[in-house]
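Me: I would like to learn how to read a fold one feature at a time. Please take me through the one shown here.

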Amino acid sequence: MTIRSTLLTVAMTATATIGTISAEETVKIGVLHSLSGTMAISETSCKDATLLAVDEINAKGGILGKKIEAVVVDPASNWPLFAEKAKELLLTHKTAVVFGCWTSVSRKSVLPVFEENNGLLFYPVQYEGEEQSLNVFYTAASPNQQLVPAAEYMMENGAKKFYLLGTDYVFPRTANKVLKAMLKAKGVPDANIKEQYTPFGHKDYQTIVAEIKELAKGGGACVLSTINGDSNVPFYKEFANQGLTSSDCPVMAFSVAEDELRAMEVPPLVGHLAAWNYFMSLDNPENKTFVSAFKAKYGKDRVTDDPIEAAYYGVYIWKAAVEKAKSFEVDKVRAAVYGLEFMSPGGMKQMDAKNQHTYKPVYIGE
């Protein structure tokens, strides 16, 4: 594993559960993740991580004398439904904060709801940048914290031809716009950059892999992949079926992590790469505690990954901000988030002192 680049102290300890408590003693939070549909493969575990943090905090007495009551909804990988569920959480359940969304299209869907109702969303997944809302804290990577370091790494290791392959929505298209600009600035000619998109849930990658195979002739080719959800399973399988290996054309994935790997066959994945701000294998006390707690609650076969970690520590950022502000009010909590430093399972991180983003390390692993 290669560390590419770049901070409140929050205690994150073993899990516990609480019994039934009255409404007066609780503060409601929303959990807005797809538990069904094409994105359930990724989002269900983010829900689990959020609830793990809730259990831990409640076991230690809650926040400002109140226990957290999590209201979990399922927008079912349906982007307009995300907006309806966000409205339900804010207006019907009166949640103080919401943790959720995965795809940028789901985030774009809920954004007007949060802005119109002054709600607060903690978003745990890498995204394309070019957005800043006072109602969203982006706790995962922007392009300079994942995409650009990964592409530079590939170039340093001999890549000269790039196949940009993504799911057809906001994040992959904007991410590839950033990547193309970066590659061209470094002298890569247009002829050496190919770009293709497939819909959510796409299964047939035969033609696309044939194009990748043609690009890989003569060596020096790689795939920069922003495929999301369960489409990754048939893509890697078809890649191997056509005789391609990581030696012929390595795939650098931006949306495949440990959790997605559980649903995939191992042989087609050997030697391929991923860039994230956290890996389950990180060797530090905070991560060991986090992984142990996650497995203890959800099973020994479960794994953690970058969005899972961000979903988990997002709850702790909010807790710390509430305690700093001595209030659950959105405007006061928002102001308290700025500049918070914390040691997470992924290492030392910091919320920006002036905006909604997070400083963090970048790791590249095989």
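Me: How many bridges join strand 7 to strand 8?

Reply: A word on the source comes before the answer. This is a predicted model, in which local features need pLDDT of at least 70 and side-chain atom pairs count only at pLDDT 80 or more, while totals for chains, interfaces and linings use all residues. Residues are numbered from 1 along each chain as its sequence is written, and side-chain values use heavy atoms, with hydrogens and water left out.

Helices (H or I, at least four residues) and strands (E, at least two) are DSSP runs, numbered from the N terminus; two strands pair if DSSP finds at least two bridges between them. Here six bridges join strand 7 to strand 8 (residues 193–198), and the two run parallel. Gly-166 stands opposite Tyr-197 in strand 8. Strand 7 is also joined by six bridges to strand 9 (residues 221–226), again in parallel, where Ser-225 is the bridge partner of Leu-165.

Me: What kind of β-α-β unit do strand 7, helix 5 and strand 8 make?

Reply: A crossover is right-handed if, with the strands pointing away from the viewer, the path from the first strand over the helix to the second runs clockwise. Strand 7, helix 5 (residues 170–185) and strand 8 form a right-handed unit.

Me: Are the faces of strand 7 covered or uncovered?

Reply: Buried means under 20% relative accessible area, exposed over 50%, and partly exposed in between (1.4 Å probe, protein chains only). Both faces are covered: Lys-161, Tyr-163, Leu-165 and Thr-167 are buried on one side, and Phe-162, Leu-164 and Gly-166 on the other.

Me: How many residues of helix 10 are buried, and what follows the helix?

Reply: Of its 20 residues, 17 are buried. After helix 10 comes Lys-326, with a positive phi near 55°.

Me: Where is Glu-130 found?

Reply: Glu-130 is in the loop between strand 5 and strand 6 (136–138). Its phi is near 60°, a positive value in a residue other than glycine, and Glu-130 is exposed, with a relative accessible area of 61%.
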